[in-house]
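Hi,

Here is the structure I promised to pass on. Have a look at it first, and then read my notes below.

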Amino acid sequence: MTSQVDVVVVGAGFAGIYALWQARQRGLSVRGFERGSDVGGTWYWNAYPGARCDVESYNYAYFFDNDIVRQWNWSDACAGQAEIQRYLRFVAERCEVVKDITFNTRVQAASFDEAKGMWVVETSNGETVSCRYLVLAIGALSDPKTPDIEGVADFAGEAYFTSSWPRDRKVGLRGKRVGVIGTGSSGVQVIPEVAKVASEVHVFQRTANYVTPTRGGPMDPRLVAGLREDPQAVRQAFRESYGGHVPLGMGTERYTELDEAGRQRVLQEAWEGNYIALAFRDAYLPEANAAISEFIRQRMREQVNDPWTADHLVPWDHPYGGKRPCQSDVYLQTFNQPHVRLIALPETPIERVTPEGIKTSAAMIPLDVIIYATGFDAISGPVFAIDIKGIKGRSMRETWADGPLNYLGTMVHGFPNLFLPSSAMSPSVLSNMATLAEQQVDFIFDTIEWLDEHGRPQLHPRADAQVFWREETLRYAQRRPGALTTKSWYSGANIPGKPRMFMVYCGGFKRYNETCYRELAEGFPGYELMG
Ligand code: NA7
């Protein structure tokens with residue numbers, strides 16, 4: 001069966017839901033495809049115990065509709081996975097886009113028909129849809145990394161991934177011997193929950209991460225009232241900020257202007273309730289970052305009773321912010337419980353998974369359950385999961401063989417009218433992803449409207465504009481402490497053999513938004529217009 005629409009949207013997370021609504025608002029016909037059975041994207045798949053957003057919910061939300069802001073009540077300042085997924089369902093229903101989505105359906109291939117100027121999209125249910133505009137709202141962290149550990153398939157017990165936690169049944173861990181591999185944000189959140197019920201918890205840590213207190217708790221009613229008074233002003237303020245949100249409790253004093261006692265005072269205040277990442281106004285300076293990093297390491301160490309465990313839980317190889325820091329009020333104390341044990345993999349690496357458990361260079365650890373919190377093939381992984389072919393049949397895999405290349409984090413040379421929100425070289429996870437979803441989708445549909453108004457059916461970025469944008473991304477990364485020296489998924493370092501390229505634009509949300517809209521105001525000088 002082949003049908004034709006103006007727009008196909010793949011994915012029903014923050015960006016996908018809003019893209020479907022935008023298409024309808026602009027009078028375009030639209031189809032959505034989602035591989036899950038419900039909306040939610042990240043918040044559908046990562047349904048593991050303890051999953052929670054580390055950006056405050058009053059920031060991590062839509063602001064395009066005043067009624068949505070006024071009608072939704074968050075139960076916690078940093079909401080959990082189930083609540084965020086309920087919120088996305090609420091928005092999708094209110095915007096009446098659920099009917100446009102075909103669930104449980106993967107988009108497997110998309111190829112550009114140059115003669116017709118249309119994308120031909122093939123799905124796992126055998127349907128083919130052609131469209132003028134293709135929006136891949138597939139997320140940056142939606143392709144789980146295959147654990148590069150020998151023997152994974154041999155394990156005779158139960159195995160789970162945090163990134164695709166079962167939703168159709170409750171996972172029973174009570175009284176079981178559980179191994180958790182990975183101590184990024186997902187591991188740090190799931191481990192304390194596992195420890196509440198399991199008889200033994202063995203945490204396999206390769207690299208320690210910074211763990212700071214959450215900013216969770218009840219919502220401040222004055223804050224809520226302020227947001228509801230003028231949501232559009234809040235929306236605008238987010239777009240004019242550095243990170244796409246306005247965190248509370250940012251430092252007002254400069255590291256360079258304080259003496260040592262003043263610095264410690266500011267750091268302590270930030271630890272106790274303010275925003276430690278921005279404890280100082282000049283927190284971006286390497287010397288301020290070093291002070292923040294050392295302060296956090298000390299506070300982390302204090303929470304763990306056993307000196308060996310404390311030493312190993314404290315990060316040693318990167319400065320704070322070099323990769324995504326974790327937040328938890330209970331993670332470190334979990335290691336004070338007698339049934340929870342840290343295994344430091346650099347000293348005693350995993351040799352293989354066996355039918356009975358995990359064998360390290362030091363011991364065989366019998367397990368009933370293994371939980372893989374091993375992360376994602378970030379940014380390019382989800383794109384490569386679809387067989388995408390652009391002009392002259394050139395594939396995205398070939399085009400990105402040396403790493404992702406695009407312009408303004410949304411479009412790729414040789415792939416006209418293909419839009420990739422949340423992709424490489426956008427502010428991505430170094431910004432508020434909800435604000436970014438709205439901004440990118442607005443820009444995409446403003447671009448589409450411009451094309452229609454100017455009788456230009458297609459556009460794609462110029463090759464030299466992409467080179468410029470990659471250099472801009474690198475230029476700003478060089479200013480961020482640890483960005484280029486830390487091994488992280490930001491630069492593809494978590495996937496063996498993946499080309500190393502820093503993939504997150506850290507020039508700030510305001511600059512990013514202005515650069516996008518300057519293109520539109522000037523008639524897209526960085527793009528080739530076709531037709
Ligand atoms: P992350 O942050 O990529 O963390 C993955 C963790 O898994 C990390 O500790 C890795 O250690 C570890 N890992 C990966 N492969 C292995 C193997 N083979 N052996 C041992 N340990 C391994 O993913 P998350 O899901 O926690 O968080 C993703 C994002 O979600 C996060 O950035 C936030 O934006 C929210 P490593 O550090 O590579 O040594």
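By salt bridge I mean a side-chain nitrogen of Lys or Arg within 4 Å of a carboxyl oxygen of Asp or Glu.

Before going on, a word on the source: this is a predicted model, where local features need pLDDT of at least 70 and side-chain atom pairs count only at pLDDT 80 or more, while totals for chains, interfaces and linings use all residues. Residues are numbered from 1 along each chain as its sequence is written, and side-chain values use heavy atoms, with hydrogens and water left out.

Now the helices. Helices (H or I, at least four residues) and strands (E, at least two) are DSSP runs, numbered from the N terminus. H7 (residues 231–239) packs on H14 (residues 433–453) at about 90°, the axes being 11 Å apart. Axes are lines fitted to C-alpha atoms, for helices over the stretch in contact, and angles run from 0 to 180 degrees between N-to-C directions. That makes H7 roughly perpendicular to H14 (65 to 115 degrees; under 35 is roughly parallel, over 145 roughly antiparallel, and the rest oblique). Arg235, Phe238 and Arg239 of H7 touch Thr435, Glu438, Gln439 and Asp442 of H14, where contact means heavy atoms within 4.5 Å. By class, this contact has 1 nonpolar, 2 polar and 4 charged residues (Ala, Val, Leu, Ile, Met, Phe, Trp, Tyr, Cys and Pro are nonpolar, Asp, Glu, Lys and Arg charged, the others, Gly among them, polar).

H14 also meets H16 (residues 509–521): their axes come within 10 Å and cross at roughly 5°, so the two helices are roughly parallel. Their contact includes Phe443 and Trp450 of H14 and Tyr512 and Leu520 of H16. Here the residues divide into 8 nonpolar, 5 polar and 2 charged.

On to the domains, whose bounds come from an automatic or database domain assignment: domain 1 is 2–143 + 377–530, and domain 2 is 211–371. Between them they bury about 3,300 Å², 50% of it on carbon and sulfur atoms (accessible area, 1.4 Å probe, lost on putting the two parts together, summed over both). The rule finds 5 salt bridges across this interface.

Cheers
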